[in-house]
Amino acid sequence: MPTFPHTAKLSQPDHYRRVFDGPKYKVSGGAFLFLATPSATPSSRLGVVVAKKNIRRAVRRNRIKRLVREQFRHHPFDAAIDLVVLARSGADPLDNPSIWQELDRLWRTLEQKVNS
């Protein structure tokens with residue numbers, strides 16, 4: 001099973017700011033927004049933002065973060081990108097299979113944009 005090493009995380013505010021200031025790729029769905037830009041490192045990195053304003057309960061926020069990280073582990077990108085996944089309030093009522101389907105659909109769309 002693929003792991004999620006520290007080098008695969010956007011860990012500092014500057015990393016997030018770089019993606020937020022100028023995303024080259026943007027993919028949106030009802031429950032999530034993906035913002036991505038080419039990475040400054042040789043491998044892809046992931047940042048997950050789940051606002052308490054959108055999803056009140058910590059258990060649900062953590063569940064969404066786990067599912068996003070799992071998707072990142074199982075579906076690596078060919079090109080090195082920095083990706084920020086923002087969860088919207090529409091993600092809260094969804095069950096795990098529905099979240100997985102939504103993430104998978106958006107992931108494939110982003111992958112097509114990056115590879116084209």
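Predicted model: local features only at pLDDT ≥ 70, side-chain atom pairs only at ≥ 80, totals over all residues.
1. Phe 20 is partly exposed, at 38% relative accessibility.

2. A pair across two helices. Phe 72 and Trp 107 have ring centres 6.4 Å apart, and with the planes at 70° the pair is edge-to-face. Phe 72 comes from helix α2 (residues 58-74) and Trp 107 from helix α3 (residues 96-115), so the pair ties together parts that are 35 residues apart in sequence.

3. Helix α3 itself. With 20 residues, α3 spans 28 Å from first C-alpha to last, close to the 28 Å expected at 1.5 Å a residue. Its buried residues include Ile 99, Leu 103, Leu 106, Trp 107, Leu 110 and Val 114, but also the acidic Glu 102 and Asp 104. What do the buried residues of α3 pack against? They pack against α2 and the strands β1 (25-28), β2 (32-38) and β4 (81-87).

4. The whole structure has 7 salt bridges. One of these links Asp 82 to Arg 45, with the closest N and O atoms 2.8 Å apart. Asp 82 is in strand β4 and Arg 45 in strand β3 (residues 45-50), so the contact ties together parts that are 37 residues apart in sequence. Buried or exposed? Asp 82 is buried at 0% relative accessibility, and Arg 45 is buried as well, at 8%.

5. Salt bridges within helices. In α2, Glu 70 and Arg 73 are 3 residues apart, about one turn of the helix. Their closest N and O atoms are 2.4 Å apart, and both residues are buried. In α3, Asp 104 bridges to Arg 108 at 3.0 Å, the two being 4 residues apart, again about one helical turn. Here Asp 104 is buried at 16% relative accessibility, whereas Arg 108 is partly exposed at 49%.

6. One network to check. Through shared partners, salt bridges join Arg 18, Arg 45 and Asp 82 into one network.

Definitions and conventions: Residues numbered from 1 in each chain as written. Heavy atoms only, no water. Buried < 20%, exposed > 50% of the residue type's maximum accessible area, 1.4 Å probe, protein only. Phe/Tyr/Trp six-rings, centres within 6.5 Å; stacked < 30°, edge-to-face > 60°. Expected span 1.5 Å × (residues − 1). Contact = heavy atoms within 4.5 Å. Salt bridge = Lys/Arg side-chain N within 4 Å of Asp/Glu carboxyl O.
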